Amino acid sequence: MHGEATAGDLLALDRVRELLRGAAVPHDVAWSPGFRPEGPSLENTRPGDYSHLLFVCGPAHGPQVEYLHRRYRDCVRIAVGNSVLDAGDPAVHGFHHVLARDAPDTVPTLDLAARAPVPPAHPVVGVVLTHGQHEYGPRRRHERVAESVTHWLNGRDCACLELETRLDRHDWRLCTTSGQLESLLARCDLVVTDRLHGLVLALRAGVPALAVDPVAGGAKVTAQAHACDWPALLPAERLDSASLDRWWDWCLTSCRALARRTADGFRRDGRADSADGLLRLLGTSR
């Protein structure tokens, strides 16, 4: 009522709403203002307009649930898909019916989320950003780029996966080998990055990269995009939502084959890199 919503909560709600719609039962959903400010919330619904109150998912416990019983005292109150911690809890007793998923001394039932309607697939987007690179001095636009990109991503209908190219053997949240990071990148549909290696490793995995150069005038991200012949590049000075939208659409549609061809080109040694002249130099020095 006053807090967050989990993915499981919303899938449980979808399961209940599917049943209600199938039975042609009209209903409204009250949302937490913190999660969905446009509402409706419990506070702007009128209890007298309803015959029943359904409390879906979550524990049947605590003062917020007890508040429901007081506010909707004239409704038939049903708890469905809940955990009952204590059968003697006033929050439990306030319901006319409790269809619990688990309760003391009862056989547990399947959580509502398990049988919820399958939602449409959404693109998985790896996000690789940096706030460092202070060597670029006054040309740095890293903070503004990161803020613009993350604000834009927040409005996209996608699953974002924050990734870090830094490896660490002591932090479970970070990869410990480059192979682990490449395995993550390979499972993405798109990588959005302002890092040189975010661009290169995404393309190595055959995954389109939407790259932003965070250095005014262009620096290593721009240079590497040119070396890879990769067009989805935006300079910090011309970073805007319309440009990001345009490259987003391209990366998720027509450029998939190009990303795969780029990865194949890397593996065939079809492009020169700075190590190609190394043995010649070493031979010269001998």
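Strand S4 and strand S6 (residues 190-193) pair in parallel through 4 bridges. The model is a predicted one. In S4 (residues 124-128), 4 of the 5 residues are buried, so the strand is largely enclosed by the rest of the structure.

**Strand S4 and its partners**
- Val-128 stands opposite Thr-193 of S6.
- S4 is also joined to strand S5 (residues 159-162) by 4 bridges, and these two strands run parallel.
- Between S4 and S5 the chain passes through helix H4 (residues 142-154), giving a right-handed β-α-β crossover.

**Helix H6 against H7**
- The axes of H6 (residues 196-204) and H7 (residues 220-227) come within 8 Å and cross at roughly 25°.
- Because angles under 35 degrees count as roughly parallel, H6 is roughly parallel to H7.
- H6 contributes Leu-196, Leu-199 and Val-200 to the contact, and H7 contributes Lys-220, Val-221, Gln-224 and Ala-225.
- By class, this contact of H6 with H7 has 5 nonpolar, 1 polar and 1 charged residues.

**Helix H6 against H9**
- H6 packs on H9 (residues 256-267) at an angle of about 90°, with the axes 7 Å apart.
- That angle makes H6 roughly perpendicular to H9.
- On the H6 side the contact is made by Val-200, Leu-203 and Arg-204, and on the H9 side by Ala-259, Thr-262, Ala-263, Phe-266 and Arg-267.
- The contact of H6 with H9 has 5 nonpolar, 1 polar and 2 charged residues.
- Val-200 of H6 takes part in the contact with H7 and in the contact with H9.

Technical notes:
Residues numbered from 1 in each chain as written. Predicted model: local features only at pLDDT ≥ 70, side-chain atom pairs only at ≥ 80, totals over all residues. Heavy atoms only, no water. Axes fitted to C-alpha atoms, helices over the stretch in contact; angles between N-to-C directions. Parallel < 35°, antiparallel > 145°, perpendicular 65-115°, else oblique. Contact = heavy atoms within 4.5 Å. Nonpolar A, V, L, I, M, F, W, Y, C, P; charged D, E, K, R; others polar. Buried < 20%, exposed > 50% of the residue type's maximum accessible area, 1.4 Å probe, protein only. Pairing = 2+ DSSP bridges. Right-handed = clockwise from strand over helix to strand, strands pointing away.
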